[in-house]
Amino acid sequence: MSPTPAYEVLWTTTASEMLAGIADRRVRQQLFDTSKRLQGDPEKQGKPLREDLMGFRSLRVVGQRYRLIYSVDPAARLVYVVAAGRREGAHDDVYELARKVVRLGLAPSPKKKKTPPPARRRRKR
């Protein structure tokens, strides 16, 4: 009996299309297989991203050349893979593609929603 994965990994439609667009079948398979590792503890894997992609993480794959960009929803125990592709320097840089996906609202946003401050009680005079 195998242990139940702690997180469920979901690929967004955009990330699936990016994966399908990679010509090398072996690279596609390795990216997909590596995404399964995120079922364990996704917040300890990859590196946290900054600026426009704050809240997302990047995981190196296929000899450091490719990346998986993902977000984690710990409350729902879900990992969303939002982009897959080559790293900086490629004509279709995965980080730039991920920024576009986030800007267009095609990726689940990991940014925490701000809760309003508690209402102050007024003193009766």
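## Salt bridges in the model

A salt bridge is a side-chain nitrogen of Lys or Arg within 4 Å of a carboxyl oxygen of Asp or Glu. By this criterion, a search of the whole structure finds four salt bridges. Side chains of opposite charge can pair when their charged atoms come close.

The model is predicted, so local features need pLDDT of at least 70 and side-chain atom pairs count only at pLDDT 80 or more, while totals for chains, interfaces and linings use all residues. Residues are numbered from 1 along each chain as its sequence is written, and side-chain values use heavy atoms, with hydrogens and water left out.

Arg 99 and Asp 52 form a salt bridge through their side chains, at 3.9 Å from N to O. Arg 99 lies in helix α3 (residues 94-103) and Asp 52 in the loop between β2 (47-48) and β3 (56-61), so this pair ties together parts that are 47 residues apart in sequence. Helices (H or I, at least four residues) and strands (E, at least two) are DSSP runs, numbered from the N terminus.

The side chain of Arg 99 also meets that of Glu 96 in a salt bridge, with an N to O distance of 3.3 Å. Glu 96 and Arg 99 are three residues apart in helix α3, and are therefore separated by about one helical turn. Salt bridges that share partners join Asp 52, Glu 96 and Arg 99 into one network.

## Lys 44 and Asp 41

Lys 44 forms a salt bridge with Asp 41, where the closest N and O atoms are 3.9 Å apart.
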